[in-house]
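This briefing sets out selected features of the protein shown below. Points are grouped by topic.

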Amino acid sequence: MSAQGWPRLRQALVDGSCPGVLDWARATGEQERRAAFNQVAAYLREHPATWEHFQQRAGVRAAAIAATASTAKKAAAALRQGELRWMMNSLSPQPVLELLRLREVPWQGELAHVLAERLPADETSGPRGDWVLVAELVRESGCAVPAAEGFVGGWIDHVRGQADADGALRGSPFTRELVPQLFAHDRLGGRLDYTYQGSGFLPALIRLAADDAGVRAALLDGCRARLLRGGRPTELRPYTRMHEELAPTGAEAAEAVADYRRLLETGSSPLAGLAQRMLRAADEAGLLDPYTLVEICATALARPEKGLVKAQTVWLRRAARARPELAAQLLALLDGGPDTAAPPPVALPAPVPAPIDLAPGSVYEVAEDLAAITAGDRSMATVERFLAGLVAWRSRDHDALIRAIGPQLDSARAWWPGFAEQLHEALLSAVLARGRSERWREMLNVFRSEEAVQGMPLRLLRGSSGSPARMYAVRLAEISAQLIRRPVPLLTATPTHANGAIAPEVLLERLTRAEREGWQPWRIDLDQALLRLPRTVAPQVVAAAAALTSPAGVRFAQWISMPTPDPVTVVRDEVAGPHVPAWHQVPQLRRTVALAPPDGVAPVVRELFQVYRYELTTWRSEPVTDPQLWTSALPSHPEVVAAWAVHGLASLADQDAEGGALLLPLLAECDGPAGPSVHLALAYTLGSRAVADRVAAVDGLLGFAATGAVDFTVVGAEIGRLGAAGMVKPNRVAAALAEATQAGACQAVWEIVAAALPPLVAEPKARPGTADLMALAHRCAAAVGVRQVPAALTEVAARPGSSRLVAEARTLRALVSPR
């Protein structure tokens, strides 16, 4: 490379001048261009772009790479390295394309596919510049359209971001190839489901299908394939919605009878209902053969959902009248009833939290985590890795940290309520080495010494609403104060497992390092670390900890050598006040839990272990949002987490709220005893109105059944008590327990229904779903070999009449009667 070549290109990079890079490339031969690549890469590593000019810098840096890279792989690696990874979303692709045209490189198509594989798969707020670059490379090269999830998602973002989404979809050169790919990936649902006032990608897609039979057929085939693959309700909802918008005809349903039969047999309740409607449409169009009709009826009648059985009964009777030759065979299904035997019990796998590495990465990865948090990422791993990186890089290379995250302080923020203020102050402390608000001075005063960290200031910092997740706000407050006064090289509380737990040997290693290097962990950080330890610690770790001499080491040794402290739990009944407006919809009775902290614990532990409850119920229950942050703060105290959550979880059943039941499977991963709070949480969530919440409750039940931490007779007793009072609907509980039965948790379900039914059958009029619970009792009793049932259930069998409840009770009695 000539002596003048690199300085000229370097000056274009310094000036942020894309025309300068283009002029350099026009005046330079191909061999000299390639020779400059290593110097460009070194310059980009040594001179990260400042945030103020990152959009301009992203374009010129990408242009320099396009002007010098010799292969597609080298170009892609350089474009995805360092800060360019998060700057690419604002990239204008034109300079890159112009340079590649100038050089006449043969690898544009290869570059398009390599970059497509590295596009982010998660939903973004709008079209990304790197997606536009890939799309233009595909057009120019004429290569095959990439099928990567990130490219398909970027196409959706691009179309829905246009003023005329219909025109953009119809005019896109990718539509034919990418429509089938909408159903090949699992994380596109949120993008598909996003609409605003009738506009968006999905409405445009439905209108296109109305005009194009080929697109309509592809969408219907894709919907069925995606629904058959299964997934969480939130993942499948956009596809069920698409299916409903397409409104398949009876003829179209008849062409896919096999798919709908599989959904009817194995799908969740909503999917089975969808399949049942489609199969009935095919039958009413005269397109089902007799044998298929009989098999469909038998399958639907064997479903546990009362609504599906009723709908099938109506359909069956109508089909019997329409087809006299099949009437006897069809009606015999009603006379004999479906085979209601439960599957045999199975050994359920115990939930084991996976190990996770949250060690701080590069300073640019810290910036990426911060950008993810400000965009709404609430995952424990992202938050904890960011906190660890923030503290580590403040000590390791303050200037590099300032360059990486300082610009984000002035960006538009969409942070979490209650978390934003502390995060902002911590960033100010990390970047400016001083706070600049009254709030910061208040925090500094709170943490002025180890002895000054008292309960009331912590309570004020935590905010008006309470949950274990508020521990993050308190930790950020400590970070904002201590980064200036007493920085440390690492946080001791960074988890080692996905549920937030810390391996004792890892914490021992961290504290040993602190002793060796002569620094002390911060007080709240150490409190959090101790709360994340498992309840059982290996003897060799206990012995090694006893040799520690620092104050933090001594606290650690004392903690693991003594029983883990637990609060005192008190169950309380809250009742509605006499002067509550009707529109408040206050539950008349709510079973809840109060916690009293033990003596001798640290102030922050006392705050976490203290939950107040009152005699009157409230119309407003704080929802359980971001449950992963609740359990990660207290992974060895599921009872405490559930006590904080029980009000919000109760509202899922007695106020028909939605969301938060995902806490239950997370609680099942915790290490610690389950008391009244956990039992009440499970009872309420099994009675949730929303199907997604009941699914989460079933996942929690299966986890607890595997660990043996829960007494299911207590759960059943709570369900019976609340159900008799009208606060939990038995039909919802029955639907959830039927799913658990199908999963093999027959013993747990038997214990629940056997304890829940006595107070329910004592009611003068049976509540909806009581007979379904009785039927479950029979199925599970037969599966687990029960030979003795509560007397209250056999007494129902002796009642006169032929109601379903009595009939099911008689079936149960016959199972246990001596032969």
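Is Asp656 buried, partly exposed or exposed? Asp656 is partly exposed, with a relative accessible area of 33%; buried denotes under 20% relative accessible area, exposed over 50%, and partly exposed the range in between, with a 1.4 Å probe and protein chains only. The model is predicted: local features need pLDDT of at least 70 and side-chain atom pairs count only at pLDDT 80 or more, while totals for chains, interfaces and linings use all residues. Residues are numbered from 1 along each chain as its sequence is written, and side-chain values use heavy atoms, with hydrogens and water left out.

**Confidence**

- The pLDDT, the predictor's confidence in each residue on a scale from 0 to 100, has a mean of 85 over the protein, and 86% of the residues reach 70 or more.
- The pLDDT is below 50 over residues 336–340, a stretch with seven contacts in the model beyond near neighbours in sequence; contact means heavy atoms within 4.5 Å.
- Residues 460–464 also have pLDDT below 50, with 12 contacts in the model beyond near neighbours in sequence.
- Where pLDDT is low, the predicted coordinates should not be read in detail.

**Overall architecture**

- The protein contains 46 helices and four strands; these are DSSP runs numbered from the N terminus, with helices being H or I of at least four residues and strands E of at least two.
- Of its 819 residues, 55% count as buried.
- Among contacts between residues at least 6 apart in sequence, 75% join residues at least 24 apart.

**Nonpolar cores**

- A nonpolar core is a set of buried Ala, Val, Leu, Ile, Met, Phe, Trp, Tyr and Cys residues joined through side-chain atoms within 4.5 Å.
- The largest such core has 147 residues, of which Ile405, Phe556, Leu686, Leu701 and Leu737 touch the most other members.
- Leaving out residues up to four places away in sequence, Ile405 touches Val366, Ala367, Leu370, Leu390, Leu427 and Val431.
- Another core, of 104 residues, lies apart from the largest one and includes Val40, Leu100, Ala116 and Leu308.

**Aromatic and charge–ring arrangements**

- The whole structure holds six aromatic pairs, where rings of Phe, Tyr and Trp (its six-membered ring) pair if their centres lie within 6.5 Å, and planes under 30 degrees apart count as stacked, over 60 as edge-to-face and the rest as tilted.
- The ring centres of Trp155 and Phe201 are 5.2 Å apart and the planes stand at 80 degrees, so this pair is edge-to-face.
- Trp155 belongs to helix α11 (residues 149–160) and Phe201 to helix α15 (residues 201–211), so the pair ties together parts that are 46 residues apart in sequence.
- Trp155 is buried at 0% relative accessibility, and Phe201 is buried at 0% relative accessibility.
- One aromatic cluster is formed by Trp131, Phe151 and Phe174.
- Arg396 lies over the face of Trp393, 4.7 Å from the ring centre; the criterion is NZ of Lys or CZ of Arg within 6 Å of the ring centre and within 35 degrees of the ring normal.

**Helix α44**

- Helix α44 (residues 770–784) has 15 residues and reaches 21 Å from its first C-alpha to its last, close to the 21 Å expected at 1.5 Å a residue; the expected span is 1.5 Å times one less than the number of residues.
- Because 12 of its 15 residues are buried, α44 is largely enclosed by the rest of the structure.
- The buried residues of α44, among them Leu773, Met774 and Arg779, pack against α22 (306–322), α42 (730–742), α43 (746–761), α45 (791–797) and α46 (804–816).

- Most residues other than glycine have a negative phi.
- Asp626, in the loop between α35 (603–608) and α36 (627–633), has a positive phi near 50 degrees.
- Asp656, in the loop between α37 (638–654) and α38 (663–668), has a positive phi near 55 degrees.
- Glu104, which follows α8, also has a positive phi, near 55 degrees.

**Loop residues**

- Gln610, in the loop between α35 and α36, is buried at a relative accessible area of 19%.
- Leaving aside neighbours within four places in sequence, Gln610 is in contact with Leu595, Pro597 and Trp644.
- Asp599, in the loop between β4 (589–596) and α35, is exposed at 79% relative accessibility.
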